[in-house]
Amino acid sequence: MCVRGENTSFPLQALSKRQSCVSHSTQEAEIVAANTAVRAIGIPAMPLWDVLLSKKVRLTFHEDNQAAIYVCKNGRNPTSRTLGRTHGVCVAWLHENFVIGHFDLIYEKTDAQAADIFTKGFTDIHKWEHACKNINHVIPKEWWSRSPAPRGDSQEKKTDTSSSEEMEK
């Protein structure tokens with residue numbers, strides 16, 4: 001869970017939990033993970049945010065699996081009917097929470113998923129660095145030693161002019 005704005009992202013909570021049995025598809029694993037996130041993190045946090053923000057909040061749930069989104073939106077999963085018995089997941093309950101309006105469910109590209117760093121192995125250093133940035137994980141020594149971002153053209157011209165005037169004096 002994180003608080004996000006247009007130019008900010010601040011992680012609040014993460015959960016990594018081993019699933020109780022083997023999932024037979026990616027869709028099934030994603031639905032089990034969605035159920036855990038909604039039940040263990042999302043719904044319990046809502047009353048706190050209602051009080052802090054003095055209004056009813058709607059959380060945004062990011063999912064990168066189209067089939068899992070379809071199941072959550074429709075409340076039916078004909079291909080994985082055993083989710084309730086094997087994983088203890090009630091697809092109808094998950095669907096109901098999205099329909100009631102507790103959550104907005106949106107598709108997110110896989111490489112933008114912040115949780116992937118907790119669930120995938122990385123062999124490519126660039127993908128690892130990207131995953132670290134998705135959760136705002138930085139190495140302090142490298143972060144603080146970076147040079148400031150270049151300013152806009154008008155700032156550069158202003159700086160150049162003032163330094164040339166000082167040289168003439």
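Here is a walk through the structure above, from its overall layout to its core, its charged pairs and one of its pockets.

Keep in mind from the start that this is a predicted model. Let's begin with the big picture. The protein chain has 8 helices and 4 strands. Of the 169 residues in the chain, 27% are buried. Now think about which residues meet which. Take the contacts in the chain with a separation of 6 or more: 64% of them link residues 24 or more positions apart.

You'll find Val32 in helix H1, and with a relative accessible area of 7% it is buried. Count along the sequence from Val32 to Leu83 and you cover 51 residues, yet their C-alpha atoms sit 8.1 Å apart in space.

Next, let's go inside. The largest nonpolar core has 18 residues, and Ile31, Phe61, Leu94 and Phe98 are the ones touching the most other members. Which elements give two or more residues to this core? They are helix H1 (26–53), strand E3 (59–63), helix H2 (66–74), helix H4 (91–100) and strand E4 (103–107). H1 makes the largest contribution, with 5 residues.

If you ignore its neighbours within four places in sequence, Phe61 is in contact with Ala34, Ala37, Val38, Phe98, Phe103, Asp104, Leu105 and Ile106. Spot Asp104 in that list, as we're about to meet that residue again.

On to charges. Side chains of opposite charge can pair when their charged atoms come close. How many salt bridges does the structure hold? There are 2 of them.

One joins Asp104 to Arg58, with the closest N and O atoms 2.3 Å apart. Asp104 belongs to strand E4, while Arg58 is in the loop between H1 and E3, so this pair ties together parts of the chain that are 46 residues apart in sequence. As for how open they are, Asp104 is partly exposed at 30% relative accessibility, and Arg58 is also partly exposed, at 49%.

The other salt bridge links Asp50 with Lys56, and here the closest N and O atoms are 3.7 Å apart. Are these two partners buried or exposed? Asp50 has a relative accessible area of 18%, so it counts as buried, the cut-off being under 20%. Lys56, at 72% relative accessibility, counts as exposed.

Finally, let's look at some empty space. Rolling a probe the size of a water molecule over the atoms shows where such space is left. The second largest pocket has a volume of about 420 Å³. Its lining is made of 12 residues, and those nearest its centre are Lys133, His137, Val138, Ile139 and Glu142.

Where does that lining come from? Helix H6 (125–134) and helix H7 (140–145) each provide at least two of the residues. H6 gives the largest share, 5 residues.

Notes:
Residues numbered from 1 in each chain as written. Predicted model: local features only at pLDDT ≥ 70, side-chain atom pairs only at ≥ 80, totals over all residues. Heavy atoms only, no water. 1 Å grid on protein atoms, 1.4 Å probe; cavity = no way out; pocket = protein on both sides within 12 Å on 5 of 7 lines; lining within 4 Å. Points joined across faces, edges and corners; volume = space filled by probe spheres on them. Core = buried A, V, L, I, M, F, W, Y, C linked by side-chain atoms within 4.5 Å. Buried < 20%, exposed > 50% of the residue type's maximum accessible area, 1.4 Å probe, protein only. Contact = heavy atoms within 4.5 Å. Salt bridge = Lys/Arg side-chain N within 4 Å of Asp/Glu carboxyl O.
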